[in-house]
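Student: I have a new model on my screen and would like to talk through its fold with you. Could we begin with the terms and then go from the sheet to the ligand?

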Amino acid sequence: MTAFTIDDVTIPDNISATDAKDFIDAVEVGNTVEATGYGTTDLNYEPVEELPRFHDPHQPSRMLVARLGGRIVGRGIYETQAGDQADSAWIIAEVLPEFRRQGIGTALSDTLEAIAASEGKKKALVFTPLPSLSPHQLPSPTGFGSVDADHADTKFLLSRGYRLEQIERASRLTLPVDGLAALVADAERRSGAEYLTHCWVGRTPERWLEGIAHLSTRMSTDAPTAGLEEPEDVWTVERVVEADDRHERLNPRTYVVAAVEHLPSARLVGFTVLSVPPQVGRAADQYATLVVREHRGHRLGMLLKVANLAHLERVAPGHPSVITFNAEENRHMLDVNEAVGFVPIASESAWRKDLG
Ligand SMILES: CC(C)(COP(=O)(O)OP(=O)(O)OC[C@H]1O[C@@H](n2cnc3c(N)ncnc32)[C@H](O)[C@@H]1OP(=O)(O)O)[C@@H](O)C(=O)NCCC(=O)NCCS
């Protein structure tokens, strides 16, 4: 058996840089593995779309590769947060199917966990697609969802000391949505006169910088994360501006945003973001959706979702679908998505290993 090696990939300044080849190959290995796992290429990101997050100082990230005979056959991603609260590392090891059972996944995971331990992280978190339909299931401790207990990835993670914490459902909405204008009108009526929707594309308008910083921070604490105990991720106005700058400079995707203002307080109380690829034939990706706890129960989740889908039709029509992820126990959000027409397409499992 030829020996493989593990090393860190140089993060290029841009995707046409002369040193970008390894980064591009590593993204493609990840896309191949993930398309198999999710059963669709809709979730694949092009290398140019993946690069910006590796340049985000608030989310320090590394890309490792496993090489065999000069070819990249596996990759690992290490991601953490800047700041004192950052006790977690998000990691993933991915090996091309034809190169499995040779110890490559173990070597990548060992290296990723060693980086986390050397940086003093308390836990490693892994998100990976796993089928749930099987005769032998491992249930999620949340009580919602399960994974195939006999699957290679389940065995791999259990043998390394990870425990299953949560199941997320991936769902697809086929576009265009029938009767969308009526859904928006109905949602506006039900939410009442105290709430007003604002929509924009790309950069956060000056007026809403503080509101978006607040909502982005709340996104890290108010979405259900079960036993993963993901830490608070603090956003400031400066960070929002910096992220918008980086996005404009490096990312070909377009952010299509809807936010809802509570008129009596003149504050934003919810937002939702669609990340839209430049090619009209590709699916849009649903990013964050949040209604702050104090304003739940006014149907603002539905209002945001349908208002932004109508916004998408106005500013970037023609995409075939939207893909979204939701925790299986997040019934409120699933109810909204199911009512709009999202259907389940895959399951993602979330795992935790305490380090040290
Ligand atoms: C999980 C994954 C990284 C494993 O890669 P790999 O190179 O095959 O892993 P290894 O060869 O180091 O396997 C290590 C151990 O995992 C377990 N394992 C892996 N595949 C298995 C299978 N098909 N059946 C049973 N056990 C299996 C075994 O205990 C194995 O040790 P052994 O070969 O000595 O019996 C790979 O299957 C993959 O890319 N999956 C998709 C991404 C993913 O789920 N990553 C999670 C890890 S962070």
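Tutor: Gladly! Two strands pair if DSSP finds at least two bridges between them. Helices (H or I, at least four residues) and strands (E, at least two) are DSSP runs, numbered from the N terminus. This is a predicted model, where local features need pLDDT of at least 70, side-chain atom pairs count only at pLDDT 80 or more, and totals for chains, interfaces and linings use all residues. Residues are numbered from 1 along each chain as its sequence is written.

Student: Which residue is the bridge partner of Phe271 in β12?

Tutor: Strand β11 (residues 267-276) runs antiparallel to strand β12 (residues 284-291), and five bridges join them. Within β12, the partner of Phe271 is Leu290.

Student: And in β13, what is the bridge partner of Asp285?

Tutor: Here β12 pairs with strand β13 (residues 321-327) in the parallel sense, over two bridges. The partner of Asp285 in β13 is Ile323.

Student: How many bridges join β5 to β14?

Tutor: These strands run antiparallel, with β14 covering residues 343-354. The number of bridges joining β5 to β14 is seven.

Student: At what angle do α5 and α8 pack?

Tutor: Axes are lines fitted to C-alpha atoms, for helices over the stretch in contact, and angles run from 0 to 180 degrees between N-to-C directions. Helix α5 (residues 180-191) and α8 have axes 9 Å apart. Their packing angle is about 145°.

Student: Which helix gives the largest share of the shell around the ligand?

Tutor: The ligand is surrounded by 22 residues (C-beta atom, placed from the backbone, within 6 Å), and the closest are Arg100, Gly105, Thr106, Ala152 and Asp153. Elements supplying at least two shell residues each include α1 (21-38), α3 (104-118) and α4 (152-159). The largest share, six residues, comes from α4.
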